[in-house]
Amino acid sequence: MTVSDLKQSYPDSPKPKINWARIEEAEDFANTVKLFRQGKYDEDSFRRYRLQHGAYGTRMTNDYAMVRIKLPAGEIYPHQLEKISQLSEQFSIGNAHFSTRENIQLHWVILEDVSEILRGLAEVGLTSREACGNSVRNVMCSPLSGVCPDEEFDSTPYALATARFFLRNPLSQSLPRKFKFNFTCCEKHGMVRMVDVGLIPQTRDLDGSIQKGFKIFLGGGLGNKSFVGYQLEEFTPEEDLLYTSIAVLRIFDRLGDRKNMARNRMRYLVNDMGWEKFQNLVLKERAIVRATQSVVTHLEVDTTPSVIKRPIRISDESGSSISDGYARWLKTNTLKQKQSEYHSVFITLEAGDITSNQITALATIIREFSSEGYARAGFVQNIALRYVHDDDLTRLYSRLLTVGLAKSGALTMAAPIGCSGTTSCNLALTNSHRLAKEIQRKFLELKLDQDDDLRDSSIKISGCPNACGQHGIATIGFFGGGGRVGKEMYPNYQMSLGGRSDGETMLGATCHRIPAKRVIPVILKIIELFKQNKKSDDTLKDWIHRVVNGKEDSEIKSILDIRKALDSFTIPPTKEEDPDFYNDYGSDSSYHTKTGKGECAA
Amino acid sequence: MSQEKTVKTTTDIDSLRSEIRDKSIRVIDVRREEDYKQSHIPTAVNLPLANLLSDDSPERVLKLVNAMGIGDETPVVVYDDTFGALASRVAWTLEYLGHSDVSLLETTFSKWKSLGLENDNKIPEIQSKNHSIHLKPEILATSDYLEASKDKPNVILIDNRERLNYLEQHIPGAISLPYRTLATQDKILRPKDDMKRLLDNRRISGDSEIITYCGSVGTLSGLAYYALKSVGLPNVKLYVRSFKEWKGLEKPIAKQQDASYWDLSAE
């Protein structure tokens with residue numbers, strides 16, 4: 001008898017449809033690190049290799065890496081979470097981080113241990129391959145695809161098939177720069193205009209039969225300079241999906257700027273060339289691809305529906321009283337699915353962070369409560385548990401509460417995004433990560449998550465002008481920098497207002513520079529101005545939209561009026577008056593900017 | 001790589017059960033007395049770690065060992081319920097005294113129980129023995145020793161605390177190998193090949209003298225001591241007073257600068 005023979009098993013657990021891993025890549029990574037340490041690999045080639053395998057550099061050191069685990073279409077299964085929990089304890093900091101692109105990141109991993117993580121991931125069919133570097137990054141899909149009441153059909157199988165087609169594909173190994181696909185369910189829940197290729201499922205009536213297809217947006221993206229994507233054509237039928245993707249990638253590969261790293265995302269190519277020219281090029285290239293591809297080149301779209309089976313209740317906890325926070329949580333963290341009797345439940349994490357113990361608990365909770373038996377990562381550093389039966393919601397809430405995962409406000413303005421900032425990133429100027437946590441705590445303390453006027457607004461924070469924190473599409477967005485009084489420096493943020501990523505996508509308009517320690521009072525001041533001037537059925541998002549577009553007729557008519565109202569917050573006190581002003585969040589020493597080399601464009 | 005001999009560091013469940021049946025072994029349970037009294041592995045004696053640590057001078061340890069009926073030739077197996085770390089510290093102390101046949105149970109008491117294996121609350125009658133003292137200073141590192149040798153090229157200093165604690169402060173020159181890295185889900189130590197690969201990747205090899213330390217009393221680093229022994233590394237020392245003493249002596253401390261890594265924690 002061996003110990004493992006007696007391990008508890010879950011025979012009913014669904015298995016992932018696709019194994020993304022290749023175990024030999026772990027071995028190869030270990031050997032390559034050894035060769036690199038022996039000086040047999042030059043820095044540049046090693047860095048490219050490392051990034052291709054999903055290991056990113058870490059702030060101010062060459063000894064550590066961040067491993068970015070891809071979750072194609074956001075799907076994550078309980079046994080995979082358990083493995084990630086274990087890997088986090090063994091090789092990282094006992095915490096993991098859910099990113100904005102449906103990756104899970106393990107930080108502060110010793111470079112020599114990365115191969116052990118790859119090995120562990122391979123055991124559960126996950127990979128970090130092409131999670132960084134100049135490749136096709138994780139293919140995202142809306143966490144609501146398949147359950148969204150407004151969707152035409154479930155785009156998840158297409159997202160998975162696209163991820164599978166391009167992973168390790170020679171076509172996407174050495175692009176001019178990274179390349180991103182986002183699939184969504186509907187206009188409201190996606191981010192299709194802020195990405196290289198964004199796709200919304202569509203159907204049309206073709207001689208009496210329903211034809212599936214997509215609305216495809218090209219050339220958008222957030223960054224130091226952000227652009228909104230353009231719609232390629234009225235309707236792209238599903239059989240043209242792969243041809244279109246290949247055509248776009250081939251054009252980018254051929255014409256993308258390989259010299260100027262700061263301007264080589266596809267959006268710059270589209271912008272420089274002009275949309276119409278680019279559009280024509282894509283349509284022509286697609287005709288060539290369609291004509292010259294062999295018949296075997298197609299997406300393996302597996303539309304077998306998930307088995308929906310309400311988990312059998314082992315322990316009966318009926319009679320347990322409903323706690324006070326339940327109604328608040330139900331309102332701000334759950335959505336009714338198109339399938340009757342089911343809800344999707346969102347778990348909000350502070351800036352995406354979760355402890356290894358919580359991950360293990362989450363795995364069990366998924367098995368016990370999700371009738372599809374797995375979870376989906378969301379777009380805002382969060383997790384969605386879908387197919388939770390209406391009758392199980394109170395019990396689920398109690399369970400989440402016991403492991404600290406029942407924070408309310410998941411689907412509201414009270415769940416800000418913060419990139420990793422100075423906690424691990426070489427480029428960061430400020431601790432955007434901690435600031436996001438501080439804002440969330442303040443919002444929950446003031447119960448602002450319950451305010452319907454604020455519900456559809458968002459706060460997003462980046463630690464530098466690059467836009468990992470997606471500040472450009474936030475109702476209130478911030479990116480970090482340094483402010484100066486004489487010789488003293490203080491952490492400072494550029495604030496923009498009115499950004500959005502829905503059907504009326506636009507980038508936020510620059511408003512003011514706000515010192516880090518004044519960000520929270522400033523947000524509260526903006527809310528106060530809104531409350532004073534709003535129309536009866538206004539939301540903050542609508543109001544700011546009107547102000548930014550000069551269409552507001554109250555006292556606050558333009559972004560300049562908001563700016564004026566905030567001037568007093570931006571005047572630095574002397575160091576004697578307020579020494580804390582000069583420290584960033586999470587630091588008790590004087591602020592100074594310090595950055596290393598970025599690797600986004602390596 | 002230098003000669004690596006195979007050392008027995010853990011005893012598997014099946015072997016222990018048959019050795020208990022043969023009455024050929026002394027089993028030490030290092031959990032708290034009240035836990036021990038509730039249930040323990042049959043024939044086990046109780047030596048709570050706190051009791052040992054209250055005075056772990058060789059003279060006192062000798063008395064304890066004699067009272068547990070351990071002679072020079074008695075095979076000893078130690079277990080705990082703390083992923084092997086407390087058991088390791090006790091086992092190491094016996095080894096330091098000069099006892100040559102001590103090993104760790106491959107799993108914890110909880111796991112043992114969850115497998116439905118035998119346990120009872122009988123307190124065994126012990127016949128006292130006379131153990132000899134042959135101290136093994138070569139497995140002990142003191143702060144003076146550490147300070148004098150840690151910068152030598154063939155010395156590897158390993159910090160077994162969690163990564164965030166290491167980043168925050170550590171003994172200069174130490175490398176980080178958190179204690180969790182050493183175990184699997186079911187066993188207190190990884191299988192040998194697995195452990196060897198991990199250590200090879202980190203260039204921890206038999207050519208070096210290796211010193212382990214942790215937070216305060218040498219438990220986590222005790223487990224690391226046995227992890228390193230399990231792959232046959234010949235020259236391993238435990239800095240038993242660990243970081244607590246080092247800090248108390250106000251010796252130099254290193255820190256990972258310019259990064260707010262603590263803010264990545266969800267706790």
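Hi everyone. In chain B, 73% of the contacts with a separation of 6 or more are between residues 24 or more positions apart. Two residues are in contact when their C-beta atoms, placed from the backbone, lie within 7 Å. A quick word on the model: it is predicted, local features need pLDDT of at least 70, side-chain atom pairs count only at pLDDT 80 or more, and totals for chains, interfaces and linings use all residues. Residues are numbered from 1 along each chain as its sequence is written, while chains are lettered from A and ligands numbered from 1 in the order in which they are written.

Let's stay with chain B. It has 11 helices and 10 strands; helices (H or I, at least four residues) and strands (E, at least two) are DSSP runs, numbered from the N terminus. How compact is chain B? Its radius of gyration, taken over C-alpha atoms, is 19 Å, close to the 18 Å from the globule rule for 267 residues, so chain B is as compact as a globular protein of that length. That rule is 2.2 Å times the number of residues to the power 0.38. Of the 267 residues, 46% are buried, meaning that 20 or more other C-beta atoms lie within 10 Å of a residue's own.

Now, where do the two chains meet? On this side, 30 residues of chain B are in contact with 38 residues of chain A. Helices α8 (163–168) and α9 (192–201) of chain B each supply at least two residues of the touching side, and α8(B) gives the largest share, 3 residues.

Over in chain A, take a look at two helices, α12 (residues 432–445) and α13 (residues 519–533). Their axes come within 10 Å and cross at roughly 45°. That makes α12(A) oblique to α13(A), the word for angles that are not under 35 degrees (roughly parallel), over 145 (roughly antiparallel) or 65 to 115 (roughly perpendicular). The axes are lines fitted to C-alpha atoms over the stretch in contact, with angles from 0 to 180 degrees between N-to-C directions. From α12(A), A:L435, A:E438, A:I439 and A:K442 meet A:V519, A:I520 and A:I523 of α13(A).

Last stop: A:G378, in the loop between β15 (375–377) and β16 (382–389) of chain A. Is A:G378 buried or exposed? With 27 other C-beta atoms within 10 Å, A:G378 is buried. A:T100 is 278 residues from A:G378 in sequence, but 7.3 Å away in space, C-alpha to C-alpha.

Definitions and conventions:
A residue is buried if 20 or more other C-beta atoms lie within 10 Å of its own, exposed if 12 or fewer, and partly exposed in between; C-beta atoms are placed from the backbone.
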